[in-house]
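This report describes selected features of the structure shown below.

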Amino acid sequence: MIEGGPDVKQSEIEIYPLRDLSYEILNLRLENPFILAAAPSTDNLEMVRRAFSMGWAGAILKTTSVEGNRVDLAYPMMTSLTHEGKSLFGMGNIDLISEHHIDRVEYNVRTLKKEFPEKMVGASIMAGKKDDWQRLVERLEQAGADLIECSFSCPQGNIGEDPGKMLAQSVAATEITARWVKEASRHIPVSIKITPHVTDIVEVARAVKRSGCDALTASNSLQALMGVDIRTFAPSPQLDGKSTYSGLTGPAIKPVTLRTIAEIARNVDIPVLGTGGASIWSDAVEFMAVGAVAVEFCTVVMHYGFRVIDDLRSGMAHYLEEMGFATPMDIVGRALPHIVPHDDLPRRKIRSHINDAACIQCELCYLACRDGGHMAIDRTPGRVPHVDWERCTGCGLCEYVCPEECISMEVVEQGLSV
Amino acid sequence: MTQENARSSIEQTSSLRYARTEAERCLQCFDAPCTSSCPAHIDIPGFIWMIRSGNFSGAAERVKTANALANVCGKVCPQEEFCQSVCTRGKQDSPIAIRELHWFATQRERHHGYSPVHPSTVNGKNVAVIGAGPAGLACAFELAKYGHRVDVFDRTRPGGVPRLSIPEFRLSQDALESDIEFLSRFFQFHQEEVDSRRFREITSGCSATFLAVGLGIDKPLPIPGSALTGVIPVLKFLESAKTAAAPGMSGQKVIIVGGGNVSLDAAATARRGGAVSVQLLYRRSEQEMRVWKGELNEARRQGVEILFQTRPSEITGKTRVEAVRCRRTCLSDHLDASGRRTPVDIEDSDFTLEAGTVIVAIGQNPAAEFLSLFDRTPAGYLRVNEEMGTSVPGIFAGGDLVGGEGTVVQSVAQGKRASRGIHAYVSR
């Protein structure tokens, strides 16, 4: 076994000052907006230590529960959504909560707070009965946790009292349980981790707000069936021909998360910890722009390691500089005024414009418009397509079909009445 | 938008897209072989990840933290010898175009503005660096990072071999200047000739000295006729080719003697200068040739004819070169000091090649007279220890002076290594 590696030793002297990204949320000082989500990466003391020493601002330790709730894991538990040759575009897992005894998680919280007092150590919990929820909060607060995150939404297995259904899918159950948890916490903030699998996310968020809890973590993985082997008919991950529904995470779910966070932030005044599909610094910026106050990461770390924190911090610092923002908080909510009901969207006459000089004559836009648009692009002898502006509605399909990014939409007439 | 702006905007878009697409191919190996094989130990997966994420400034910072001559190496580094030769992706299909991505990152920073660096805090010792080529510049940069005050001396403007003799078609003046512009803030530069007297003054006035004056004297060709007009030492040839007074090669038949990278540069330069034919004589076979494969292929592509196992025995002509008498060699099993098989003449194998110019590129010797103070290797280079310390305490050396004709990135690596030795020495 080779100890260490290049990401745990500092071989170069830095010449570029590390910009201060620290700010405050929920009465907690965060070194930067980047936190590890409750997952395998946070289930082991050694791993969290490594992450902290590499620059992560905090970690939510993998979900724990009370004694008596035996965790019976099944392997393999990970599977990949592979898209156009790239694996882990989405990650599926049938993992459950931590196998560690609550005593162990308590010990981890205590040790990490002692070794890294400036880091945010959160603990994720899951229970059924009121007493269990409350005992978990009390024990972990006493151990020194800075934040409690309650999983009301783990889609993979069901430890709650209502098998087959996630707690956060019931507005009433969410409110009652959230109250129990909040009651038990003496000083530290409590966040409820919710699922996007609901009819109305705003109702759930309002229930959490009414309960007195401090924040929402939005949102958990999506329930998914990761794929089916078309010869054996066993879905993946496959365990002797059997499978079950997975929790889908990673880049594939980012748009769903963005919408969930935005919808909460537009309607309910409660801090949101964003999670679900953020991989790089600009994803974090997007999460914050729609209302998240900090961002939790999981899949990208499981794929590429804790070292991605280097780019998260560097990219965020350069972005703040470029935008003239003083702190990451300056990003929060910036996109919200730009989100409006469909009725309020401006009506304009726009049309497709092809940059002839840049066109590489693949005729993909022609084909897309012919079979999926408005038959508004004509072929020409030189293969540089020609847009018929009479027929073009400006739908925008061709812009994204073009592999050379040489099509843009231009506004012909502003302010048409409906 | 003018036609020209439109074109340059298309070029920018496509280079950006190319860079990101290429960056996405990178596997992001742990403890990556590319980084291990890079003499400057650039965190290659790290900067490629930053290109991928759109953090271009961060990517340039990563490169420059490890390699002071970032733009120069982005152009002239023989990547097929180092990083790309071991790229894991190459085991799947083809290696990542690492040097192109490196160049993309540093050039983009150049055009979008440099990242601010730590204000330099001078809290250490005075260190002198004699020679402002790649080794000297890299060493000065590292020493400044340690907080030492650094004075750099050279007879010409900083840049060394990249400034003086790497042909313009391989390295633009512009790329070099961008590195010099960035590095200049880290040291005081003094443009002056350092002779023995100045050498004593400089070394006695500082806590340690780094010597990286390079080579500079072409080895003469020890055969009859080498004093004829038209026999040109390679450095002189390359240096004059970089200035306005480029030697006219138009219509000439040119013979290059010697089989190193510098010979290939000379061959390509002669070809571009209008030479009708360029023949390169090398006394051993292709296997023994210590050149970058890419350069060799490029020279061949440009029509340079390479005669292996051939050496000149005499240059003939009245006052000017008219022809070169050549002799075939075979390789004996006896290995020389460089570990290569020794060429032996084959009797009665002489033949004659017509030539108007002969460029002699059989290596160079150290030039500075004060070098007599130091222990040397049998080949005439300075002898140094692990930390690049010479036989004189407090004086360290690196670059071509120590290793013979090397590549830019190897000199950078030696400068970095020496800086650690110097820092340890002055901190005692």
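Ala268(B) lies in helix α13 of chain B, which runs over residues 261-272. The model discussed here is predicted. Ala268(B) counts as buried, because 21 other C-beta atoms lie within 10 Å of its own and the cut-off for burial is 20 or more. Leaving aside residues up to four places away in sequence, Ala268(B) touches Pro167(B), Glu298(B), Ala299(B) and Gln302(B). Phe189(B), by comparison, is 79 residues from Ala268(B) in sequence, and the two C-alpha atoms are 33 Å apart in space.

**An enclosed helix in chain B**

How many of the 10 residues of helix α3 of chain B are buried? The count is 10 of the 10 across residues 44-53, so the helix is largely enclosed by the rest of the structure. The buried residues of α3(B) include Ile44(B), Phe47(B), Ile48(B), Trp49(B), Met50(B) and Ile51(B). Arg52(B) and Ser53(B) are also among the buried residues of this helix. Just after α3(B), Gly54(B) adopts a positive phi of about 85°.

**Backbone geometry in loops**

Cis peptide bonds are the next topic. One joins Tyr75(A) and Pro76(A), with omega about 0°, and Pro76(A) belongs to the loop between β4 (58-64) and β5 (78-83) of chain A. Another runs from Ala218(A) to Ser219(A), with omega near 0°; Ser219(A) is placed in the loop between β10 (215-218) and β11 (222-224) of chain A.

| Residue or bond | Angle |
|---|---|
| Tyr75(A) to Pro76(A) | omega about 0° |
| Ala218(A) to Ser219(A) | omega near 0° |

**A four-stranded sheet in chain A**

In chain A, 4 strands make up an open antiparallel sheet in the order β5-β6-β12-β11. Strands β5 and β11 of chain A stand at the edges, each with a single partner strand, so one side of each has no neighbour in the sheet. With direction ignored, neighbouring strands of this sheet are turned by 45° against each other on average. Within the sheet, β6 (residues 86-93) and β12 (residues 246-249) of chain A pair in the antiparallel sense over 3 bridges. In this pairing, Gly92(A) is opposite Leu248(A) in β12(A). In general, strands of a sheet pair through backbone hydrogen bonds, either parallel or antiparallel.

**Chain A as a whole**

The secondary structure of chain A amounts to 11 helices and 18 strands. Of its 418 residues, 44% count as buried. Among contacts in chain A with a separation of 6 or more, 71% are between residues 24 or more positions apart. The C-alpha trace of chain A spans about 75 × 55 × 55 Å along its principal axes. Why does the radius of gyration of chain A, 24 Å, agree with a compact globule? A compact globule with 418 residues would have a value near 22 Å, which the rule gives as 2.2 Å times the number of residues to the power 0.38, and the 24 Å of chain A agrees with it.

The domain assignment divides chain A into domain 1 (13-338) and domain 2 (342-413). The centres of domain 1 and domain 2 of chain A, taken over C-alpha atoms, are separated by 41 Å.

**The contact between chains A and B**

Chain A contributes 22 residues to the contact and chain B contributes 25 residues. On the side of chain A that touches chain B, α7 (281-289) and α9 (309-323) of chain A each supply at least two residues. Helix α9(A) gives the most to this side, with 5 residues. By residue class, the side of chain A that touches chain B comprises 10 nonpolar, 7 polar and 5 charged residues.

Note on methods:
Residues numbered from 1 in each chain as written. Chains lettered and ligands numbered in written order. Predicted model: local features only at pLDDT ≥ 70, side-chain atom pairs only at ≥ 80, totals over all residues. Contact = placed C-beta atoms within 7 Å. Nonpolar A, V, L, I, M, F, W, Y, C, P; charged D, E, K, R; others polar. Domains from an automatic or database assignment. Buried ≥ 20, exposed ≤ 12 C-beta atoms within 10 Å, placed from the backbone. Pairing = 2+ DSSP bridges. Axes fitted to C-alpha atoms, helices over the stretch in contact; angles between N-to-C directions.
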